Amino acid sequence: MNHKISKINRKLEKELDKERYEHTQGVMYTAAALAMCHGEDVDRALLAGLLHDCAKCIPAQKKLRLCEKYHLDISAVERDNPSLLHAKLGAYLAGKKYHISDQGILYAIKSHTTGRPGMSLLEKIIYIADYMEPGRAELPNTAKVRQLAFHDIDECLYCILEGSLAYLKSRSIPIDMMTEKTYDFYKQQLGKEKYSKSQEDI
Ligand code: DGI
Ligand code: FE
Ligand code: FE
């Protein structure tokens, strides 16, 4: 690990609870493996993976206060579910507190919870690594996601989006507009509409 990464790692260990810190390590190394596989810069993947949840352990009300203080947009769904704000607040803090100037890394942190239409390779890697890192509790599509991640990254992304949306809907959790937009974008891009009936049958 290079010097910059290990310095941030030590700082983060103090900011996060043990479970979140361990998840962060898992995301960091999974992102590095995906970067090796798909030709992304490995250090960028390590850094984005390491920092993606840097704002996660800030209490909800403080997340809201900090977003207001830093003039970060807060949607109605985010106001009701401040946990969602850890992504955009994390991107802001990664720049301000951890001195990351690489905008691509900041984007990957910002989009890691809801995704966004037209994600970069690094954004896809972090979004996927967050879902499939070894410490993450396994979900019905985890095995499929872990396989797809190394041979069809867009199919993998779609598989996660589809599963997450179904999960949120089944529990009547309000869906963030960006989650919906991302799903619609990749559904169309991958030509899923015309196959959706037969996919349901599988
Ligand atoms: O921070 P992590 O737990 O590692 O993972 P994450 O950043 O993907 O956050 C996962 C949480 O975000 C999970 O509890 C579901 C929630 N989430 C994701 N998309 C939406 C959402 N919650 C709401 N209300 N609406 C969404 O669209
Ligand atoms: Fe997160
Ligand atoms: Fe995470």
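Two exercises with worked solutions follow, after a short note on conventions.

The model is predicted, so that local features need pLDDT of at least 70 and side-chain atom pairs count only at pLDDT 80 or more, whereas totals for chains, interfaces and linings use all residues. Residues are numbered from 1 along each chain as its sequence is written, chains are lettered from A and ligands numbered from 1 in the order in which they are written, and side-chain values use heavy atoms, with hydrogens and water left out.

**Exercise 1.** Describe the surroundings of ligand 1.

Step 1. Ligand 1 is surrounded by 17 residues (a heavy atom within 4 Å), and the closest are Lys56, Thr113, Pro174, Asp176 and Thr179.

Step 2. Sorted by class, this shell has 5 nonpolar, 6 polar and 6 charged residues, where Asp, Glu, Lys and Arg count as charged and Gly is among the polar ones.

Step 3. For polar contacts (pairs of N or O atoms within 3.5 Å), an oxygen atom of ligand 1 is 2.7 Å from a side-chain N or O atom of lysine 56, with the corresponding distance being 2.9 Å for arginine 20 and 3.0 Å for histidine 112.

Step 4. The protein covers 77% of the 570 Å² of accessible area that ligand 1 has on its own, by the Shrake-Rupley method with a 1.4 Å probe.

**Exercise 2.** Which protein donors hold the iron ion (ligand 2) and the iron ion (ligand 3)?

Step 1. Taking donors as N, O and S atoms within 2.8 Å of the metal (3.2 Å for Na, K and Ca), the protein donors of ligand 2 are Asp53 (OD), His86 (NE2) and His112 (NE2), at 2.1 to 2.2 Å, and their spacing along the chain is D-x32-H-x25-H.

Step 2. Aspartate 53 bridges the two iron ions, ligand 3 and ligand 2, which lie 3.5 Å apart.

Technical notes. Polar contact = N/O pair within 3.5 Å; in protein donor to acceptor, adjacent residues only side chain to side chain.
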